[in-house]
Amino acid sequence: QPGDAHPPADVVPAAEQSRPFADPAPRVVVVTGAADGIGAAIAARFVASGDRVAIVDRNGEGAKAQAATLGASAQAFVCDVTDEQAVTDCFAQIVQALGPVDILVNNAAIADAFQPATEQTTADLERVLDVNLTGAFLCARAAIPSLQAGRGVIVNIGSIAGLVPMAPRHAYGASKAGIDILTRCFAAELGPQGIRTATVAPGYIRTPGVAALEKAGRIDSGKIRARIPMGDLGQPQDIAEAVWFLASPGASYVNGTLLSVDGGWNAFG
Ligand code: NDP
């Protein structure tokens, strides 16, 4: 019988299972693209739970301003995640300043040009894949030597556009679909070392980036709202809470998963 492989002694009494997970000691959290929008909200969430946060962004002034608003637990680091040497140097600086990395949140990303396939340039395709996919890989590769069993977590920020086709967003959608398989590869590779990886896939969220897309006439939030069962766009804090949970001890058996935070869009998209 297959069940014989697991003797009754493996079963933990319910009372013991319901003990709350202890709060972890303060962790070193790296959030990329944290000068603004969702990344800034994620950084703020970890600072609020007593962690030390590296605000990594190519926008140095924005990163410094964001770190200043979060106080002594946050520190700004200027880095373009597509620059391999800059990423290596940045993680070395973070480890020196804050200690070994416990949690990496790969959040930095850019939008594509919303061009029909026949007008999509190779340069734009490469630009988007470089930031959104290669950038996430480079940061993970730099963080992995720091990550410890039972404590190390990588959370990659995907998108509804990686799950539901949103033509003509080929480049962006492909980069975000790639994030999901990157997460699952890391989960399989690093899971045996006690390091977890997960994706949070936001739907449309009220950020300066989305406001700029709407102003440019590239998206229509009225039409978007009509597709969302919960009837509205989300807030950056909605994503921050999901990331925080996935990085917490309460998610210690969650590995390789994708958590949609999109008001239910993906459920029928
Ligand atoms: P924003 O554009 O508001 O912020 C992204 C930040 O990343 C900016 O500060 C940006 O700097 C920075 N950045 C861009 N490229 C690089 C780079 N090469 N190296 C370092 N930093 C970089 O994005 P959002 O807050 O809207 O989105 C955050 C994440 O959530 C992204 O992964 C996005 O794809 C995802 N997402 C967002 C949704 C939304 O509705 N907002 C929906 C689904 C997914 P700069 O200002 O210089 O460009």
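Which residues of helix α9 (residues 236-246) are buried? I found Pro 236, Ile 239, Ala 240, Ala 242, Val 243, Trp 244 and Leu 246. Buried means 20 or more other C-beta atoms within 10 Å of the residue's own, with C-beta atoms placed from the backbone.

I note that this is a predicted model: local features need pLDDT of at least 70, side-chain atom pairs count only at pLDDT 80 or more, and totals for chains, interfaces and linings use all residues. Residues are numbered from 1 along each chain as its sequence is written. Helices (H or I, at least four residues) and strands (E, at least two) are DSSP runs, numbered from the N terminus.

I then looked up the partners of α9. Its buried residues pack against α2, β4 (103-106), β5 (153-157), β6 (196-202) and β7 (258-261). Contact requires C-beta atoms, placed from the backbone, within 7 Å.

Next, the helix pair. I read an angle of about 20° between α5 and α6 (residues 170-190), with axes 9 Å apart. Axes are lines fitted to C-alpha atoms over the stretch in contact, and angles run from 0 to 180 degrees between N-to-C directions. The two helices, α5 and α6, are therefore roughly parallel (angles under 35 degrees).

Last, the ligand. I counted 30 residues around the ligand, and Gly 33, Gly 37, Ala 109, Ser 159 and Gly 209 come nearest (C-beta atom, placed from the backbone, within 6 Å). Helices α2 (37-48), α5 (122-143) and α7 (208-215) each give two or more residues to this shell.

Technical notes: Buried ≥ 20, exposed ≤ 12 C-beta atoms within 10 Å, placed from the backbone. Contact = placed C-beta atoms within 7 Å. Parallel < 35°, antiparallel > 145°, perpendicular 65-115°, else oblique.
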